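Subject: Structure handover

Hello,

Here is the structure I promised to pass on. Please open it first, then read my notes below.

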Amino acid sequence: MGMLLGASLLILWLQPDWVNSQQKNDDQQVKQNPPSLSVQEGGISILNCDYTNSMFDYFLWYKKYPAEGPTFLISIRSVKDKNEEGRFTVFLNKSAKHLSLHIGASQPGDSAVYLCAA
């Protein structure tokens, strides 16, 4: 006998944000994309961050819920190209001045604003 199984669909709203910094009167910028991301529960979320200053050597990702301060997620130093902690993995391509945050097995609690800092 056949049985029809229903799949639960949950859309997560992940929203990266901008972080700007000033260094020696030069406008250094860290830019994230995509502006927003919808992911099915259990899927992989990928957030990207590009930066302009090749001297940056320490990168951090934060998660922020409305009406709360940012919470640290994961970091990476420029001497590494990958750092993994639980469901979070950050990849760094220093020559391209690019890093990305991968969130495995997305959950409802992952819906937040994500901040990249250098």
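A salt bridge here is a side-chain nitrogen of Lys or Arg within 4 Å of a carboxyl oxygen of Asp or Glu. Two points on the source. This is a predicted model, so local features need pLDDT of at least 70 and side-chain atom pairs count only at pLDDT 80 or more, while totals for chains, interfaces and linings use all residues. Residues are numbered from 1 along each chain as its sequence is written, and side-chain values use heavy atoms, with hydrogens and water left out.

Salt bridges

There are three salt bridges in the structure. One joins K63 and D110, with the closest N and O atoms 3.8 Å apart. K63 is in strand 6, and D110 is in the loop between strand 10 and strand 11, 47 residues apart. Strands are DSSP runs of E, at least two residues, numbered from the N terminus. D110 also meets R87, at 2.8 Å from N to O. Shared partners join K63, R87 and D110 into one network.

How accessible are these residues? Buried means under 20% relative accessible area, exposed over 50%, and partly exposed in between (1.4 Å probe, protein chains only). D110 is buried at 1%. K63 is buried at 11%. R87 is partly exposed at 25%.

K82 and E84 form another salt bridge, 4.0 Å from N to O. K82 is partly exposed, at 39%.

Aromatic rings

The whole structure holds three aromatic pairs. Rings of Phe, Tyr and Trp (its six-membered ring) pair if their centres lie within 6.5 Å; planes under 30 degrees apart are stacked, over 60 edge-to-face, and the rest tilted. Y51 and F59 are a tilted pair, because their planes are at 40°, with centres 4.7 Å apart. Y51 is buried at 4%. F59 is buried at 1%. Y51, F56 and F59 make one aromatic cluster.

Y62 and F72 are edge-to-face, with planes at 75° and centres 6.0 Å apart. Y62 lies in strand 6 and F72 in strand 7.

Charges over rings

The cut-offs are NZ of Lys or CZ of Arg within 6 Å of the ring centre and within 35 degrees of the ring normal. R77 has its charged end over the ring of Y58, 4.3 Å from the centre. R87 lies over the face of F88, at 5.3 Å from the ring centre.

Best wishes

Key: Helices (H or I, at least four residues) and strands (E, at least two) are DSSP runs, numbered from the N terminus.
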